[in-house]
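Please open the structure in your viewer and keep the selection tool at hand.

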2 protein chains.
Amino acid sequence: MRNPDNSDTPFREYILRTSKNNFSKIILALDLQGSPSSKLLRSGRSLIEKTAPYLCAVKVGRPTVLNLGTEKTRALIKTSHANDLPCIIDDKLGDIDEVNSAISQAYFNLGFDGIIVNPIAGWKRGLEPVFKTAEKEGKGVIVLVYMSNPGASDSFGQLVLRNPKEKPRHQYEIFAQLAEEWGADGAVVGATRPEIVRKVRSQLSDDIQIYSPGIGTQGGRVLQASKAGSNFFIIGRSITRAQDPERAAHNFARQSTAEP
Amino acid sequence: MRNPDNSDTPFREYILRTSKNNFSKIILALDLQGSPSSKLLRSGRSLIEKTAPYLCAVKVGRPTVLNLGTEKTRALIKTSHANDLPCIIDDKLGDIDEVNSAISQAYFNLGFDGIIVNPIAGWKRGLEPVFKTAEKEGKGVIVLVYMSNPGASDSFGQLVLRNPKEKPRHQYEIFAQLAEEWGADGAVVGATRPEIVRKVRSQLSDDIQIYSPGIGTQGGRVLQASKAGSNFFIIGRSITRAQDPERAAHNFARQSTAEP
């Protein structure tokens with residue numbers, strides 16, 4: 001089952017097309033909290049509808065799925081598709097194969113077009129089935145290369161000696177290499193660390209896009225991350241909690257497509 | 001809110017008590033798949049009720065929660081508590097602080113007594129709020145130190161140079177140290193790697209228990225892991241798909257408490 005409203009478009013082309021059409025590299029991060037779920041769905045739909053002309057995709061977090069429940073999540077994804085925007089689930093999935101298969105298949109069945117995974121689980125009897133299913137169904141897989149929170153530097157920034165004969169490499173360089181080897185559609189690198197974005201961008205081939213969360217509230221800046229090589233900017237509260245979300249999205253969209 | 005049926009017992013003492021009472025170190029891993037959810041709940045409850053006298057806890061995976069939905073998951077946890085068994089959610093949670101807070105709080109509100117987390121997210125604006133909430137509510141936090149699948153060796157087994165002046169250490173040694181520093185109640189090390197269990201056991205203080213999945217179908221053995229130092233054995237299909245689950249659980253329980 002491919003994207004219901006884009007039945008012949010694999011994820012990678014889908015998001016490039018919407019980005020080009022809307023002159024935007026902004027992905028709206030929806031983290032809907034509170035209750036009742038019907039009110040959350042209304043607020044999520046309204047945010048998508050207001051900002052859709054200035055977005056290239058929508059990213060939904062796990063708490064949102066939890067708070068909405070299955071059917072209302074499906075409805076939210078439909079709103080995203082009705083506005084011609086792919087919808088990504090930010091799961092950071094990293095478990096053994098059977099669990100990864102069950103969770104990713106459930107998301108794809110709900111209508112999600114792409115999923116974020118945690119490469120620490122490895123390939124063999126780990127993430128392999130997620131990539132295989134995604135390829136078959138035209139879905140996208142985006143690999144976590146460097147998280148945006150301060151504590152992430154201890155692990156994603158550590159030096160690793162995978163081969164004792166080679167020079168030590170940073171963990172994020174190894175994860176970026178895995179993204180390449182595994183055929184990922186994208187790599188997540190926090191906008192809070194532009195120097196890391198620059199290194200990962202120079203390492204990855206051009207057809208793997210860099211997705212950067214952490215813009216705004218967490219301290220990252222669009223122009224800085226864009227100069228460093230981020231391709232898409234994941235923005236949540238700076239749009240959703242703005243007095244005028246439409247205007248905020250529009251401003252970010254213009255920054256995201258300005259010549260670096 | 002502490003364990004509803006064990007209102008004064010923090011997780012760590014709760015599972016040690018049930019283990020002692022039932023002469024068992026076996027944790028039943030419930031991975032309920034298929035539909036309808038009412039049938040899954042019946043089958044999960046029946047499995048718990050049949051095997052409860054030979055268990056010390058129940059571990060529920062994410063696909064089970066997804067397939068059951070919120071209210072039936074709550075009912076399953078109630079069955080676990082009614083049989084005087086703590087119930088652990090195997091989430092491998094590793095996100096930024098806000099997501100970690102929302103997800104772990106939702107699980108604790110449902111009645112789960114403990115949660116498995118992925119230490120790669122780090123402490124600062126990462127896992128810190130999970131540990132703080134757990135401590136306040138008497139819940140348990142169990143840190144993933146080495147996954148059970150073959151592909152996990154690339155990352156969990158890699159050599160890391162966190163301090164350039166020190167000798168490189170294995171990733172799992174670093175994660176075990178974090179489990180200690182963060183005040184975890186347990187560490188997950190796959191029973192498929194008894195030599196790693198032995199090293200981690202010698203590194204951890206006695207009050208941090210080692211939880212070992214991968215027994216049976218995945219190739220790990222109770223006696224071998226027990227000799228190496230595993231404290232609890234997580235077993236799924238070898239019990240749930242046995243012709244006689246009660247008898248299978250009983251056999252594993254006897255192996256788990258035999259003198260090593």
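Start by selecting E173(A), which sits in helix α7 (residues 171-181) of chain A. Bear in mind as you look that this is a predicted model. Is E173(A) buried, partly exposed or exposed? Because 18 other C-beta atoms lie within 10 Å of its own, E173(A) counts as partly exposed; a buried residue would need 20 or more.

**Zoom out to chain A**

Select the whole of chain A. You will find 11 helices and 10 strands in its secondary structure. Along the principal axes, the C-alpha trace of chain A spans about 55 × 40 × 35 Å. How does its radius of gyration compare with that of a compact globule? For 260 residues such a globule would come near 18 Å, and chain A has 17 Å, so the two agree. Of those 260 residues, 55% count as buried. Contacts that reach across the sequence are part of the picture too: among those in chain A between residues at least 6 apart, 71% join residues at least 24 apart.

**Go into the core**

Next, select V143(A), V145(A) and A187(A), along with V143(B), V145(B) and A187(B). In the largest nonpolar core, which has 168 residues, these six touch the most other members. In soluble globular proteins, nonpolar side chains tend to be buried together. For a closer look, centre the view on V143(B). Setting aside neighbours within four places in sequence, V143(B) is in contact with V117(B), P119(B), F175(B), L178(B), A179(B), A184(B), A187(B) and V188(B).

**Bring in both chains**

Now colour the two chains separately and look at where they touch. Here 36 residues of chain B are in contact with 36 residues of chain A. On the chain B side, at least two residues each come from α3 (62-68), α5 (97-110), α6 (123-137), α7 (153-156) and β6 (159-161). Which element gives the largest share? That is α5(B), with 5 residues. Sorted by class, this side of chain B has 17 nonpolar, 11 polar and 8 charged residues.

**Follow the shared sheet**

Select residues 159-161 in chain A, which form strand β6, and β6(B) as well: 3 bridges join the two strands, which run antiparallel. Within this pair, L159(A) stands opposite L161(B).

**Finish at the axis**

Technical notes:
Residues numbered from 1 in each chain as written. Chains lettered and ligands numbered in written order. Predicted model: local features only at pLDDT ≥ 70, side-chain atom pairs only at ≥ 80, totals over all residues. Contact = placed C-beta atoms within 7 Å. Helix = DSSP H or I, 4+ residues; strand = E, 2+ residues; numbered from the N terminus. Nonpolar A, V, L, I, M, F, W, Y, C, P; charged D, E, K, R; others polar. Pairing = 2+ DSSP bridges. Core = buried A, V, L, I, M, F, W, Y, C linked by C-beta atoms within 7 Å. Buried ≥ 20, exposed ≤ 12 C-beta atoms within 10 Å, placed from the backbone. Rg over C-alpha atoms; globule rule 2.2 N^0.38 Å.
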